[in-house]
Amino acid sequence: MGMITVGIADLKVGKETDVLATYALGSCVGICLYDSEKKIAGLAHIMLPLSKDAAGSSNTPENRRRYADTGITELIQTMSLAGASTSRLTAKIAGGAQMFSTNSAVFNIGERNVAAVKKILSAYRIKIIAEETGLNYGRTVFFHADTGIMEIRAATKETKMV
């Protein structure tokens with residue numbers, strides 16, 4: 001089993017017995033895409049909703065992977081190159097917490113991230129089959145390429161397997 005770490009504003013693809021892991025999802029969202037026939041798993045860790053909202057950001061991989069729209073698009077492309085079929089992909093998402101107590105929409109980036117992720121996945125006709133988002137705590141995600149199971153760990157919560 002290979003452990004593959006996905007950093008912030010990053011994405012990776014794994015196969016067979018690989019486990020993709022991303023840590024400290026607060027307002028960020030982890031997007032797990034899976035082709036169950038080929039057992040190809042992909043995980044992206046996005047920070048912000050839409051790249052078009054960024055003022056003067058360059059088109060580097062780090063910047064593209066920061067946003068829901070461009071990060072998910074790149075993840076799908078990378079998985080396709082690895083042999084996955086977009087028509088078979090399913091999604092599981094986690095994160096999007098509201099880490100600060102405020103009623104301001106400006107600060108509720110987690111909610112905006114989740115909404116953007118759902119919109120982009122819907123545009124690609126990728127069904128979300130599991131979701132662990134919102135609330136006010138951070139999460140760590142382990143995504144198992146052999147089973148498609150997303151394991152969610154949080155400091156004060158029981159581990160969830162979905």
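Biologist: Where is Arg125 placed?

Modeller: Arg125 lies in the loop between α3 and β7. Bear in mind that this is a predicted model.

Biologist: And is Arg125 buried or exposed?

Modeller: Exposed. Its relative accessible area is 76%, and the cut-off for exposed is over 50%.

Biologist: What about the phi of Arg125?

Modeller: Phi is positive, about 60°, although Arg125 is not a glycine.

Biologist: Which residue other than glycine has a phi near 60° too?

Modeller: Ala24. Its phi is positive and near 60°. Ala24 sits in strand β3, which covers residues 19-25.

Biologist: Is Ala24 buried or exposed?

Modeller: Ala24 counts as exposed, at 55% relative accessibility. Strand β3 itself is mostly covered, with 5 of its 7 residues buried.

Biologist: Which sheet has β3 in it?

Modeller: An open one of 5 strands. The order is β1-β3-β8-β9-β10, and the pairing is mixed.

Biologist: Which strands stand at the edges there?

Modeller: β1 (3-5) and β10 (160-161). Each has a single partner strand, so one side of each has no neighbour in the sheet.

Biologist: How do β1 and β3 run?

Modeller: They run parallel, joined by 3 bridges. As an example, Thr5 has Ala21 in β3 as its bridge partner.

Biologist: And how do β3 and β8 pair?

Modeller: In the antiparallel sense, over 5 bridges. Thr22 has Val141 of β8 as its bridge partner. Leu25 is bridged to Arg139 in β8.

Biologist: How many residues of β8 are buried?

Modeller: 6 of the 6. So β8 is largely enclosed by the rest of the structure.

Biologist: Which residues are on each side of β8?

Modeller: Arg139, Val141 and Phe143 are on one side. Thr140, Phe142 and His144 are on the other. They are all buried, and both faces of β8 are covered.

Biologist: What about β8 and β9?

Modeller: β8 (residues 139-144) pairs with β9 (residues 150-153) in the antiparallel sense, over 4 bridges. Phe143 has Met150 of β9 as its bridge partner. Phe142 stands opposite Glu151 in β9.

Biologist: How many residues lie between β8 and β9 in the hairpin?

Modeller: There are 5 residues between them. Gly148 is in the turn, with a positive phi of about 80°.

Biologist: New topic. What is the strand order in the sheet with β2?

Modeller: β2-β5-β4-β6-β7. That is an open sheet of 5 strands with mixed pairing.

Biologist: Which strands are at its edges?

Modeller: β2 (10-15) and β7 (127-133). Each has a single partner strand, so one side of each is left without a neighbour in the sheet.

Biologist: How are neighbouring strands turned against each other?

Modeller: By 15° on average, with direction ignored.

Biologist: How many bridges join β4 to β5?

Modeller: There are 7 bridges, and the two strands run antiparallel. β4 spans residues 29-35 and β5 spans residues 40-46. Leu33 has Gly42 in β5 as its bridge partner.

Biologist: Which helix packs on that sheet?

Modeller: Helix α2, residues 68-81. It touches β2, β4 and β5. Its direction makes about 25° with that of β2.

Biologist: How do α2 and α3 cross?

Modeller: At roughly 45°, with the axes coming within 9 Å. Helix α3 covers residues 109-123. That angle makes α2 oblique to α3. The crossing is right-handed.

Biologist: Which residues make the contact?

Modeller: Ala68, Asp69 and Ile72 come from α2. Ala116, Val117, Ile120 and Leu121 come from α3.

Biologist: How many are nonpolar, polar and charged?

Modeller: The contact of α2 with α3 has 6 nonpolar residues, no polar and 1 charged.

Biologist: Last one. Where is Phe100 placed?

Modeller: In the loop between β6 (90-95) and α3.

Biologist: Is Phe100 buried or exposed?

Modeller: Exposed, with a relative accessible area of 60%.

Biologist: And how many Å apart are Phe100 and Glu37 in space?

Modeller: They are 40 Å apart, C-alpha to C-alpha. In sequence, Phe100 and Glu37 are 63 residues apart.

Definitions and conventions
Residues numbered from 1 in each chain as written. Predicted model: local features only at pLDDT ≥ 70, side-chain atom pairs only at ≥ 80, totals over all residues. Heavy atoms only, no water. Pairing = 2+ DSSP bridges. Axes fitted to C-alpha atoms, helices over the stretch in contact; angles between N-to-C directions. Contact = heavy atoms within 4.5 Å. Parallel < 35°, antiparallel > 145°, perpendicular 65-115°, else oblique. Left-handed = near helix turned anticlockwise from the far one by under 90°. Nonpolar A, V, L, I, M, F, W, Y, C, P; charged D, E, K, R; others polar. Buried < 20%, exposed > 50% of the residue type's maximum accessible area, 1.4 Å probe, protein only.
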